[in-house]
Amino acid sequence: MKQIINFLIPILVGCIIYLCPMPEGMDPRGWKLLAIFVATIVGLICKPLPMGAVALISMVATILTGTLKLEPEALGGYSSSVIWLVIYVFFIARGFIKTQLGTRIAFFFVKLFGRKSLGLGYSLAVTEFIIAPFIPSSAARAGGIMYPVVQAISESLDSHPDNQTNRRIGAFLNLVAYHGNLITSAMFLTGMAANPMMQSFAAAQGITITWSNWAIAGIVPGILSLILIPLLIYVIYPPTVKTFNHAVEIANKKLHNMGPMSRAEWTMTAIFGFMLVLWIFGENYGISSATTALLGLCLLLITKILTWDDILSEKEAWHTLIWFAILVMLAKYLQIFGVIAWFSTMVSGQVIGLEWHWAFAALVLIYYYSHYLFASNTSHVSAMYAAFLAVAISAGTPPLLAALGLGFCSSLFSAMTHYGASSSAIFYGSGYIPIGIWWGVGFAISVANLIIWFGLGGIWWKVVGIW
């Protein structure tokens with residue numbers, strides 16, 4: 001019964017929007033597409049079917065209603081280099097996990113910082129910072145690298161989810177690892193799957209976001225967040241044991257059992273280093289981010305770090321290809337049909353007359369806290385990023401500031417709930433943190449991140465010429 005209701009709700013919402021009076025002057029296809037798009041987003045929230053299935057149904061709806069043609073419009077998203085960048089890096093992430101290079105890095109930092117609970121938390125934050133530019137899937141980092149390490153450390157220190165020892169260290173480490181994952185996702189263009197999507201949306205409005213200018217803008221507020229957020233968690237939800245004298249010995253034992261770096265790990269390190277150089281400097285020589293990722297994938301196949309069976313078995317990548325391309329296509333045609341312009345005009349009326357600083361602040365807060373209604377970063381970005389970016393620019397906000405500011409929010413706003421991102425489900429599912437604590441701590445961190453990124457970060461953005 002619940003599944004039937006979850007299936008009917010998106011259809012009902014779409015029908016209600018379609019039956020509402022169409023704004024004067026709008027392309028009728030735009031109004032039909034808006035109804036389908038909103039129904040799609042509601043479907044992603046209600047989850048009557050997996051995300052890919054919901055997206056496919058939406059694409060079929062655009063064709064059957066005469067809103068789009070199958071070729072080249074409905075299938076056009078699959079020709080986007082942004083889509084393929086995301087798919088390539090899923091495969092590259094598999095290589096990182098397969099070689100255990102990420103696990104080695106994690107235990108190395110535990111070895112350096114592990115005698116204190118706070119030090120352990122910072123070791124996880126530093127690990128996230130090191131690997132985030134190379135693994136553009138926040139879920140892959142969380143589930144494939146950080147989560148196993150956090151659980152192994154917690155249980156080795158006699159902290160378990162199902163008894164009174166959850167507060168000993170496990171709850172603290174799970175919270176730090178999760179929020180560190182969100183912060184590093186915001187710091188790098190290649191830190192989260194939805195970031196290249198926003199790059200594409202910004203480009204459609206004439207704004208150029210590169211790996212370099214995103215990283216330069218994000219590095220200072222990101223490092224400040226990685227320093228201050230673990231400390232905030234330590235204060236408001238502290239571990240009951242502050243010192244672990246044998247944590248370093250545990251890390252040493254794990255590293256000893258792993259032995260010296262294998263040929264595969266060295267090869268992985270070299271390929272990632274090469275890719276990082278190209279991600280930073282390649283655009284100057286006509287080498288796009290997608291080309292760099294494809295080249296890195298080919299090198300992993302040539303060196304046999306990955307096999308073709310590894311590629312075929314990476315279900316999440318192929319799943320992402322289905323729904324990501326469709327959502328990008330829907331958002332693209334909302335703009336082509338004038339829906340984004342209409343929405344921008346409507347929202348502009350709410351901030352009209354405000355000085356651009358206040359208008360942008362209002363838009364950021366609405367965009368940020370509306371994430372309570374979303375179960376993924378990507379669906380939120382698809383629904384609201386392009387429209388809010390257009391409104392911010394029309395209010396006088398410097399375009400690059402608006403694009404990057406909303407982009408940073410698009411990772412950070414997942415802090416508040418246990419369903420806000422794929423990685424939140426992973427860490428909340430560990431059972432260490434009660435739901436009320438998760439929401440309370442998450443709200444406190446959301447406020448702290450806004451202050452850090454748009455307060456102190458805003459000063460840094462002024463210094464480097466973002467606005």
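**A close look at one residue and the helices**

A: Let's start with Leu 363: setting aside neighbours within four places in sequence, Leu 363 is in contact with Val 347, Phe 388, Val 391 and Ala 392 (contact means heavy atoms within 4.5 Å). Keep in mind that this is a predicted model, in which local features need pLDDT of at least 70 and side-chain atom pairs count only at pLDDT 80 or more, while totals for chains, interfaces and linings use all residues. Residues are numbered from 1 along each chain as its sequence is written, and side-chain values use heavy atoms, with hydrogens and water left out.

Leu 363 sits in helix α18, residues 356-369. Helices (H or I, at least four residues) and strands (E, at least two) are DSSP runs, numbered from the N terminus. With a relative accessibility of 2%, Leu 363 counts as buried. Buried means under 20% relative accessible area, exposed over 50%, and partly exposed in between, using a 1.4 Å probe and protein chains only. Leu 363 and Val 391 are 28 residues apart along the chain, and their C-alpha atoms are separated by 8.3 Å.

Now move to helix α19, which covers residues 377-394. Ala 383 belongs to α19 and is partly exposed, at 27% relative accessible area. Beyond residues up to four places away in sequence, Ala 383 touches Phe 37, Ile 41 and Phe 374. By contrast, look at Glu 128: its C-alpha is 28 Å from that of Ala 383, and the two are 255 residues apart in sequence.

How does α19 meet helix α10? Two packed helices are described by the angle between their axes and the distance between the axes. The axes of α10 (residues 194-204) and α19 come within 10 Å and cross at roughly 25°. These axes are lines fitted to C-alpha atoms, for helices over the stretch in contact, and angles run from 0 to 180 degrees between N-to-C directions. The two helices are therefore roughly parallel: angles under 35 degrees count as roughly parallel, over 145 as roughly antiparallel, 65 to 115 as roughly perpendicular and the rest as oblique.

On the α10 side, Ala 194, Met 197, Met 198, Phe 201 and Ala 202 meet Thr 378, Val 381, Ser 382, Tyr 385, Ala 386 and Leu 389 of α19. These contact residues comprise nine nonpolar, two polar and no charged. Here Ala, Val, Leu, Ile, Met, Phe, Trp, Tyr, Cys and Pro count as nonpolar, Asp, Glu, Lys and Arg as charged, and the others, Gly among them, as polar. An α-helix has 3.6 residues a turn, so residues three or four places apart point the same way.

For a second pair, take helix α9 (residues 170-187) and helix α11 (residues 211-236), which pack at about 165° with axes 8 Å apart. That angle makes α9 roughly antiparallel to α11, and their crossing is right-handed. Among the residues making this contact are Phe 172 and Leu 175 of α9 and Trp 214 and Ile 219 of α11. The contact residues divide into 15 nonpolar, six polar and no charged.

Finally, visit Ser 411 in helix α20, residues 399-412. Ser 411 is buried, at 1% relative accessibility. Among the residues it touches are Ala 186, Asn 195 and Asn 377.

Terms used: A crossing is left-handed if the near helix is turned anticlockwise from the far one by less than a right angle, and right-handed if clockwise.
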